[in-house]
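The sequence and the structure come next, followed by the text.

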Amino acid sequence: MRVIITKDYDEMSIKAARIIAEQVRRKPNSVLGLAAGSTPLGTYKELIRMHREEGLDFSSVITFNLDEYYGLAPDHPQSYHYFMFENFFKHVNINPKNIHTPDGLAKDVKAFCEKYEEEIKKVGGIDLQLLGIGRDGHIAFNEPGSSLAGRTMLVALAEETIKDNARFFKSEEEVPRLAITMGCGTIMEARRILLLANGENKADAIAATVEGPVTSQVTASILQMHPDIIVIVDEAAASKLKRKEYYKYVNRVLEEAGFLNFRCH
Ligand code: F6R
């Protein structure tokens with residue numbers, strides 16, 4: 001795992017956006033896996049700026065979102081589909097045909113989930129997967145106890161997640177209890193993964209993910225098994241990492257030697 005610690009949220013967002021932009025420039029028809037939620041908002045903002053001011057071109061980019069609340073229509077203001085259009089897609093030149101989000105109204109959920117997996121395969125797999133992390137250590141909506149090899153499926157949200165996400169709804173009761181999510185197995189097949197976290201309330205989850213044992217109780221810990229995973233966290237989210245100074249040292253030494261972009265951590 002390469003762990004990059006930034007001074008604040010803005011620096012985290014800019015670094016993440018640069019990695020995504022570099023991917024898109026290198027391979028204009030990149031397949032990006034995307035996350036909703038508060039964490040990547042600054043990253044999307046910076047990508048939009050790069051599109052407007054630097055001509056970053058999304059016209060051939062293909063995207064797959066991680067998850068969607070089950071029972072919410074795509075135009076529901078709290079759906080992740082709506083969130084992605086409002087905060088990213090409608091501000092860049094992405095082809096709507098290339099956007100994929102799980103169907104929150106799928107009647108035959110099993111068939112839908114299989115189709116989603118098939119669609120990812122058909123375009124050659126995900127090149128770069130962007131992730132946030134829940135306070136309970138979830139990635140996408142793989143709550144504690146989920147299979148670390150799971151594929152896209154219907155899941156029940158954990159109480160903690162329902163409470164956390166209630167801030168986007170009028171009340172906690174309104175938060176859907178179910179969601180369709182990519183599984184940990186789906187996520188792990190991405191060629192490169194970028195995990196972002198900011199704020200003190202993510203510090204325990206980040207410590208468990210980076211320095212704890214690999215366990216289905218903290219599904220993000222499976223990322224330790226990925227050969228190309230970059231974790232970008234601000235100082236607050238990094239505050240419970242025991243080897244914080246070492247991670248900073250690694251990045252400093254690699255940078256000084258001009259090796260920072262080498263995938264050796
Ligand atoms: C969102 C997703 C979730 C969030 C996580 C953190 O698509 O898959 O795993 O990344 O719940 O949410 P925020 O960023 O709102 O703290």
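Predicted model: local features only at pLDDT ≥ 70, side-chain atom pairs only at ≥ 80, totals over all residues.

**Overall form**

Eight helices and 10 strands occur in the protein chain. Its radius of gyration is 17 Å, close to the 18 Å that the globule rule gives for 265 residues, so the chain is as compact as a globular protein of that length. Along the principal axes, the C-alpha atoms fill a box of roughly 55 × 40 × 35 Å. Of the 265 residues, 54% are buried. When contacts between residues at least 6 apart in sequence are considered, 80% of them join residues at least 24 apart.

**Nonpolar cores**

The largest nonpolar core has 42 residues. Within this core, Leu-47, Phe-58, Phe-88, Leu-194 and Ile-232 have the most contacts. Two or more residues each come from helix H1 (9–26), strand E2 (31–34), helix H2 (41–54), helix H3 (80–87), strand E6 (128–131), strand E9 (192–197) and strand E10 (229–234). H1 gives the most, with seven residues.

Which residues does Leu-47 touch, not counting residues up to four places away in sequence? They are Ala-17, Ile-20, Ala-21, Leu-56, Phe-58 and Phe-88. A second, separate core has 40 residues, among them Val-3, Cys-113, Ile-126 and Leu-131.

**Helix H7**

Helix H7 spans residues 203–211, and its buried residues are Ala-203, Ala-205, Ile-206, Ala-207, Thr-209 and Val-210. The cover over these buried residues includes strand E1 (2–6), E9, E10 and helix H8 (244–256).

| Residue | Relative accessibility | Class |
|---|---|---|
| Ile-99 | 13% | buried |
| Glu-173 | 64% | exposed |
| Ala-140 | 6% | buried |

Ile-99 belongs to strand E5, which covers residues 99–100. Its relative accessibility is 13%, under the 20% limit, so Ile-99 counts as buried. Leaving out residues up to four places away in sequence, Ile-99 touches Thr-63, Phe-85, Phe-89 and Ile-94. Met-84 is 15 residues from Ile-99 in sequence, and the C-alpha atoms of the two are 9.9 Å apart in space.

Is Glu-173 buried or exposed? With a relative accessibility of 64%, over the 50% limit, Glu-173 counts as exposed. Glu-173 sits in the loop between helix H5 (159–165) and strand E8 (178–181). Pro-77 and Glu-173 are separated by 96 residues in sequence and by 16 Å in space, C-alpha to C-alpha.

Where does Ala-140 lie? Ala-140 is in the loop between E6 and strand E7 (153–156). Although Ala-140 is not a glycine, it has a positive phi of about 50°. Ala-140 counts as buried because its relative accessible area of 6% is under 20%.

Terms used:
Residues numbered from 1 in each chain as written. Heavy atoms only, no water. Helix = DSSP H or I, 4+ residues; strand = E, 2+ residues; numbered from the N terminus. Rg over C-alpha atoms; globule rule 2.2 N^0.38 Å. Buried < 20%, exposed > 50% of the residue type's maximum accessible area, 1.4 Å probe, protein only. Contact = heavy atoms within 4.5 Å. Core = buried A, V, L, I, M, F, W, Y, C linked by side-chain atoms within 4.5 Å.
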